[in-house]
Amino acid sequence: MKSVLTKASLFLTAVALLAACGGKDAKKATIEAAEEGVASKTKQLDIEKPQLTFGFIKLTDMAPLAIAKEKGFFEDEGLFVSVEAQSNWKNVLDRVIDGQLDGSHMLAGQPIAAGAGFGRQAQLVTPFSMDLNGNGITVSNDVWSKMKPNVLMDEEGKPIHPIKADALKPVITDYKNSGKPFKMGMVFPVSTHNYEIRYWLAAAGIHPGMYTADNVQGQIDAEVLLSVTPPPQMPATLESGTIYGYCVGEPWNQQAVFKGIGVPVVTNYDIWKNNPEKVFVMTKKFVDDYPNTAIAVTKALIRAGKWLDEPSNRAEAVKILSMSQYVGAPEEVLANSMTGTFEFEKGDKRDMPDFNVFYKYHATYPFYSDGIWFLTQMRRWGQIPETKTAEWYGETIKDIYRPDIWKKAADLLVAEGQIPATDIPETDGYKTATTDFIDGTSYDAKDPIGYINSFSIGNKD
């Protein structure tokens, strides 16, 4: 509130000076301008905790946090927010749980795993989904040269996308026959990236490895050894030869293209069209103790998502994200995916308008069905070691995903004229069944057991 009052005070002072220099008409015009300048559509709630610190990892999809801060959306709500980069996803999780951060940009799987029994346990909640899509799988130049003969080409000699992992399978076999394990990176055991690269590999009959209660490396029976690498370190790790490919968010696939060290072969839009990616997370205690603050934060983030999905704003968003305190990557690298294109092999830039989605398709709404998909993958690969009932999946996710908070925030934004009422989905929290996966498998969140059992590789219940 202090910042809002300061802005108003400065504005009125300037208006008064202008009025003093003019006649009656000038005074009337400046008074009207003052009233218009000070008026705000935002109806501030009674904020219980105005000073907040949020975390993020240096990835393009942290954008809603940067935009909510830089465009004044947090301040409009009476919030004074510090946004701080974190070193890795484990640090993000620990600092939110321990109360050092009030909330954070987080992997969708992290609050779910924390409530479902894998890794560090805590009561975390997600009132806001930060984006759809945004990831890719990149391989080294050497691996790409060996994959390329197995890839279908169009009349111009360009690869036909999506490229399935079938093209990688003979390369993995060659490595195995020469006594070399095939190693790839992902960002965290419960990351979308881990499940996406596993899905892509398994759809081609390549076993990505299993977890058990006693073995949390996820490499049991693996034909590809997956290991954790923090996102900003992916290109350097690939260049050093420690891994031969990776799954990561932007800008770290495009960075490999710019550095000439690797080739993105598939995006997660093609693995699962319009899949959920990152979420914004707070502890259950925080939202219980400061309910209005949680709603106000969600309001600001929804506005940021809407702003981001205006195509005319993307160039400005790229400039903001390139700042060192945010992603800190060069503008041209960020723009390669943020402005409606994506570059695969160097020079092969293609239109991909939905590579980064922050608002449309109800991207900000925390659907139960999105969260249940992560639970099915945790069970499929053994991170959840025991069989669960179908009811368990729905009950578990309803403690973590909080569309009720989102709905309160969105209703207020509608009343303020910030978003149209048609942007609020009419839903029970479940999307309809979809086959928008690279292998065409149908996913119905209301039948999680049937979905798990539909795969040839992985646990069966």
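Buried means under 20% relative accessible area, exposed means over 50%, and partly exposed lies in between (1.4 Å probe, protein chains only). Helices (H or I, at least four residues) and strands (E, at least two) are DSSP runs, numbered from the N terminus. The model is predicted: local features need pLDDT of at least 70, side-chain atom pairs count only at pLDDT 80 or more, and totals for chains, interfaces and linings use all residues. Residues are numbered from 1 along each chain as its sequence is written, and side-chain values use heavy atoms, with hydrogens and water left out.

Strand E6 covers residues 135-140, and six of its six residues are buried. Asn135, Ile137 and Val139 point one way. Gly136, Thr138 and Ser140 point the other way.

Two strands pair if DSSP finds at least two bridges between them. E6 runs antiparallel to E9, joined by five bridges. Threonine 138 has tyrosine 246 of E9 as its bridge partner. E6 is also antiparallel to strand E10 (residues 262-267), again over five bridges. Here isoleucine 137 stands opposite valine 266.

**Strands E7 and E8**

Strand E7 (residues 182-186) is mostly covered, with four of its five residues buried. E7 pairs in the parallel sense with strand E8 (residues 224-228) over five bridges. Methionine 186 faces valine 228 in E8. Between the two strands the chain passes through helix H9 (residues 192-202), and this β-α-β crossover is right-handed. Right-handed means that, with the strands pointing away from the viewer, the path from the first strand over the helix to the second runs clockwise.

Strands of a sheet pair through backbone hydrogen bonds, either parallel or antiparallel. An open sheet of five strands has the order E2-E1-E3-E11-E4, with mixed pairing. Its edge strands are E2 (80-85) and E4 (124-129), each pairing on one side only. Neighbouring strands are turned by 30 degrees against each other on average, direction ignored. Axes are lines fitted to C-alpha atoms, for helices over the stretch in contact, and angles run from 0 to 180 degrees between N-to-C directions.

E4 and strand E11 (residues 278-283) are antiparallel over four bridges. Phenylalanine 128 stands opposite phenylalanine 280 in E11. Helix H14 (residues 291-308) packs on the sheet, touching strand E1 (51-56), E4 and E11. Contact means heavy atoms within 4.5 Å. The direction of H14 makes about 30 degrees with that of E4.

**Helices H14 and H19**

H14 also packs against helix H19 (residues 403-416), at an angle of about 65 degrees and with the axes 8 Å apart. The crossing is right-handed. A crossing is left-handed if the near helix is turned anticlockwise from the far one by less than a right angle, and right-handed if clockwise. From H14, the contact residues include Ile295, Ile302 and Arg303. From H19, they include Trp406, Leu413 and Glu416. The contact has nine nonpolar, one polar and four charged residues. Ala, Val, Leu, Ile, Met, Phe, Trp, Tyr, Cys and Pro count as nonpolar, Asp, Glu, Lys and Arg as charged, and the others, Gly among them, as polar.

**Helix H6**

In helix H6 (residues 109-116), seven of the eight residues are buried. Among them are Gln110, Pro111 and Ile112. The cover includes helix H5 (89-97), strand E3 (103-107), E4, E11, helix H17 (368-380) and helix H18 (390-398). Glycine 117 follows H6 with a positive phi, near 105 degrees.

**Backbone exceptions**

Most residues other than glycine have a negative phi, and most peptide bonds are trans. The residues below depart from one or the other.

| Residue | Backbone value |
|---|---|
| Proline 162 | cis bond from histidine 161, omega near 5 degrees |
| Proline 251 | cis bond from glutamate 250, omega near 15 degrees |
| Asparagine 274 | positive phi, near 55 degrees |
| Tyrosine 361 | positive phi, about 60 degrees |

Proline 162 is in the loop between helix H7 (141-147) and helix H8 (169-177). Proline 251 is in the loop between strand E9 (245-249) and helix H11 (252-259). Asparagine 274 sits in the loop between helix H12 (268-271) and E11. Asparagine 274 is buried, with a relative accessible area of 15%. Tyrosine 361 lies in the loop between strand E14 (356-357) and H17. Tyrosine 361 is partly exposed, at 42% relative accessible area.
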